[in-house]
Amino acid sequence: MPEASALIHDVGYIGLGIMGSAMAANLLKAGLGVTVWNRSPGKADALADRGARVAASPADLARCRPDVICLNVSDTRDVEAVLFGPEGIMAGAAAGLIVVDHSTINPLATQEFAHRLGERGITLLDAPVSGGDVGARQGTLAIMVGGPEDAFARLLPMLRAVGKTITHVGPVGMGQACKACNQVAVACNLMGVCEAIALARGLGLDPQRMIEVVGGGAGASWQLSNLGPKILAGDFRPGFMVDLVLKDLGIVQDVAQRRQLDLAGTQQARAYFQQAKDHHAAGREGTQAMAKAVLP
Ligand code: NAP
């Protein structure tokens with residue numbers, strides 16, 4: 001248990017999109033002091049009305065000397081810009097700051113960022129999340145954390161305000177590595193569901209019955225029982241968008257190549273998602289829209 005003096009009181013939050021706005025709201029609700037910054041200023045208004053302070057830039061936010069700054073931006077290059085850009089966190093931060101990155105980005109780049117920050121006495125923990133917009137609003141996200149254990153222990157009470165299952169998975173980068181593994185399992189699993197539906201239809205088996213029966217045995221999965229019925233109903237509303245899973249599988253492909261891993265199934269799943277985006281305009285639909293590329 002961390003000392004009371006080491007507890008987190010003041011938090012900075014950068015990136016108030018779907019996930020960040022909900023997570024920052026939960027930090028406010030937990031009674032923490034919250035200062036926010038978002039590239040498009042309007043998105044900070046709702047949080048300001050609820051008591052958040054608004055900084056003029058990431059550097060300005062860092063100059064307010066929060067104990068922690070959380071990031072929730074889109075991709076690897078965006079995290080890099082917010083950390084090291086001209087008005088980035090590094091331009092205003094002092095040694096002792098902890099940065100917690102909730103974005104889903106490249107694990108190898110994360111390790112490089114941690115090294116650069118470490119040279120200035122700043123600690124980076126990668127803490128990507130799973131659970132979507134609903135989990136973010138309800139504070140029930142699964143959070144996989146990489147970084148030094150003492151910093152993790154200090155952050156745990158704060159992370160409990162935004163997540164339910166919070167797991168330290170290893171040194172910095174391992175949170176993002178775990179998230180990449182999660183996306184591989186999700187994508188390949190969904191591909192199996194789509195192909196099972198294709199096969200059921202091809203053989204004249206009622207796909208709804210197939211989902212019920214397979215879902216009671218060794219083929220059961222979250223993808224099958226949650227997204228299978230949506231595919232059959234033609235319900236392609238997101239959930240988790242095709243564009244985001246393509247971003248995440250791009251990260252997987254990059255790190256797999258660098259480690260000489262083939263991951264043929266994941267490549268095929270990515271090709272299906274790309275086809276759904278390119279030929280069925282499904283980029284902003286839910287991942288179950290992969291079925292548009294798989295089913296005849
Ligand atoms: P989003 O709604 O599109 O929000 C993205 C946020 O990042 C916005 O605040 C955006 O600012 C900011 N941003 C992007 N590039 C930036 C840059 N170069 N400099 C400064 N700010 C920048 O995305 P989201 O759904 O919240 O997702 C955020 C992260 O969580 C992503 O890495 C995503 O993969 C991950 N994630 C999302 C979900 C989900 O279900 N949505 C689930 C798990 C993980 P502007 O407002 O100015 O555009």
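In what follows, Ala, Val, Leu, Ile, Met, Phe, Trp, Tyr, Cys and Pro count as nonpolar, Asp, Glu, Lys and Arg as charged, and the others, Gly among them, as polar. The model is predicted, so to speak of local features a pLDDT of at least 70 is needed, side-chain atom pairs count only at pLDDT 80 or more, and totals for chains, interfaces and linings use all residues. Residues are numbered from 1 along each chain as its sequence is written, and side-chain values use heavy atoms, with hydrogens and water left out.

**Exercise 1. The shell around the ligand**

Task: Find how many residues surround the ligand, and how they divide into nonpolar, polar and charged.

Solution: 
- Step 1. Sort the shell by residue type: 9 are nonpolar, 9 polar and 6 charged.
- Step 2. Look for the helices behind the shell (helices, H or I, of at least four residues, and strands, E, of at least two, are DSSP runs numbered from the N terminus). Helix 1 (18-29), helix 4 (76-84), helix 6 (132-138) and helix 11 (242-258) each supply at least two shell residues.
- Step 3. Bring in the domains, whose bounds come from an automatic or database domain assignment. Because domain 1 (4-172) and domain 2 (178-294) both give residues to the shell, the ligand lies between them.

**Exercise 2. Polar atoms and cover**

Task: Which N or O atom of Gly17, backbone or side-chain, lies 3.3 Å from an oxygen atom of the ligand? Then do likewise for Asn72 and Val73.

Solution: 
- Step 1. For Gly17, a backbone N or O atom is 3.3 Å from a ligand oxygen.
- Step 2. Asn72 uses its side chain, with an N or O atom 3.4 Å from an oxygen of the ligand.
- Step 3. For Val73 the atom is again a backbone N or O, 3.1 Å from a ligand oxygen.
- Step 4. Finish with the cover: of the 910 Å² of accessible area that the ligand has on its own, the protein covers 86%. Accessible areas come from the Shrake-Rupley method with a 1.4 Å probe, and for residues, only the protein chains shown count as cover.

**Exercise 3. The largest nonpolar core**

Solution: 
- Step 1. Define the core as a set of buried Ala, Val, Leu, Ile, Met, Phe, Trp, Tyr and Cys residues joined through side-chain atoms within 4.5 Å. Buried means under 20% relative accessible area, exposed over 50%, and partly exposed in between (1.4 Å probe, protein chains only).
- Step 2. The largest core holds 36 residues, and Ile143, Leu155 and Met158 have the most contacts inside it.
- Step 3. Elements giving two or more residues to this core include strand 1 (10-14), strand 2 (33-37), strand 8 (141-146) and helix 7 (149-159).
- Step 4. Helix 1 gives the most, with 7 residues.
- Step 5. For background, nonpolar side chains tend to be buried together in soluble globular proteins.

**Exercise 4. Backbone details**

Task: Where does Gly239 sit, and which residue does a cis peptide bond join to Gly239?

Solution: 
- Step 1. Gly239 is in the loop between helix 10 and helix 11. A cis peptide bond, with omega about 25°, joins Pro238 and Gly239.
- Step 2. Leu263 counts as partly exposed because its relative accessibility is 34%.

**Exercise 5. Buried or partly exposed?**

Task: Classify Leu227 and Arg270.

Solution: 
- Step 1. Leu227 lies in helix 10 (residues 222-233), and counts as buried because its relative accessibility is 6%.
- Step 2. Arg270 belongs to helix 12 (residues 264-280), and at 25% relative accessibility counts as partly exposed.

Key. A polar contact is a pair of N or O atoms within 3.5 Å; within protein, one must be able to donate a hydrogen and the other to accept it, and residues adjacent in sequence count only if both atoms are side-chain atoms.
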